[in-house]
Amino acid sequence: MSTAVTSTPKPTALITGASRGLGAAIARELAPTHELLLGARSRDSLRAILTELPDATPWPVELTDYPAVAAAAASIGRLDVLVHNAGIADIGTIAESSVAQWRNTLEANLIAVAELTRVLLPALRAAAGHVVLINSGAGLRASAGWASYAASKFGLRAFGDALRLEERALRVTSIHPGRIDTDMQREIVAGENREYRPEEFLTPRTVAAVVRNAIDTPRDGHLTEIVLRPF
């Protein structure tokens, strides 16, 4: 008499900003063990990573379009991992910064994160899930020329701290990497008028491995904050 073997379904992870750079690296890291929802502004921008990870599900939505976010999140009944990776870095001095720049930076890096988390709380609660916030060294200390970006990341850290206290069944991890070798970094360095040297920066794969380690930490441990610097 044979005994039927039932397989345990894979946990589900939603990664925002998954089309390239760090988000794509996190997707590659989690793909063997998770059902993936890959977030980006458009389905077309996800084409390359979906070719690489054909079992992943595209989740295209503009994260600052809050009705669209609510509609896209409505079908997610259970979510084990939410990785907030999407964000912008519009760098400039306070004297050079406009109201629009401040609003856009805070909207993308903080308000959109808060709202996506809010609409997904029922799904996260159902799974006793894990929220991973890709923060920055700028979320720990501000530098000249980075005021609006640092303000958004300080706010993101505060959001994570409050979420951790309010939602005791969830794990919330803030990850503060140093500068990472990505297309965004190349744009920043070009704006700084200096030569781009990839060896100065963390690789996306290294930071993705840290995300994976946080998620894989046994349930009795809660990694609340991880700081990672280029060696």
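A strand here is a DSSP run of E, at least two residues long, numbered from the N terminus. Keep that in mind for what follows. One caution: this is a predicted model.

Let's start with a histidine. His-176 lies in strand β6, which covers residues 171-177. Is His-176 buried or exposed? Its relative accessibility is 0%, so His-176 counts as buried. The cut-off for buried is under 20%. Now look at the side chain. A polar atom of the His-176 side chain sits 2.8 Å from the backbone oxygen of Ser-136. What else touches His-176, leaving aside neighbours within four places in sequence? The contacts include Asn-135, Ser-136, Gly-137, Gly-139 and Leu-140. Arg-157 is another of them.

His-34 is in the loop between α1 (21-30) and β2 (35-40). At 7% relative accessibility, His-34 also counts as buried. Its side chain makes a polar contact with the side chain of Thr-33, at 2.9 Å. Beyond four places in sequence, His-34 touches Lys-10, Pro-11, Thr-12, Ala-13, Val-81 and Ile-215.

Pick Val-81 from that list. Val-81 is in strand β4, residues 81-84. Its relative accessibility is 3%, so Val-81 counts as buried. Again leaving aside neighbours within four places, Val-81 is in contact with Thr-12, Ala-13, Leu-14, His-34, His-130 and Ile-215. Here is a distance to check on screen. Val-81 and Pro-230 are 149 residues apart along the chain, and their C-alpha atoms are separated by 26 Å.

Now the helices. Two packed helices are described by the angle between their axes and the distance between the axes. Take α4, residues 99-127, and α5, residues 147-166. They pack at an angle of about 20°, with axes 8 Å apart. Roughly parallel means under 35 degrees, so α4 is roughly parallel to α5. Their crossing is right-handed.

Which residues make the contact? From α4, they include Trp-102, Leu-106, Leu-110, Val-113 and Leu-121. From α5, they include Tyr-149, Ala-151, Lys-153, Leu-156, Phe-159 and Leu-163. The residues of this contact divide into 12 nonpolar, 7 polar and 1 charged.

To recap: His-176, at 0% relative accessibility, is buried in the model. His-34 and Val-81 are in contact with each other. And α4 packs on α5 at about 20°. Thank you.

Key: Residues numbered from 1 in each chain as written. Predicted model: local features only at pLDDT ≥ 70, side-chain atom pairs only at ≥ 80, totals over all residues. Heavy atoms only, no water. Axes fitted to C-alpha atoms, helices over the stretch in contact; angles between N-to-C directions. Helix = DSSP H or I, 4+ residues; strand = E, 2+ residues; numbered from the N terminus. Parallel < 35°, antiparallel > 145°, perpendicular 65-115°, else oblique. Left-handed = near helix turned anticlockwise from the far one by under 90°. Contact = heavy atoms within 4.5 Å. Nonpolar A, V, L, I, M, F, W, Y, C, P; charged D, E, K, R; others polar. Buried < 20%, exposed > 50% of the residue type's maximum accessible area, 1.4 Å probe, protein only. Polar contact = N/O pair within 3.5 Å; in protein donor to acceptor, adjacent residues only side chain to side chain.
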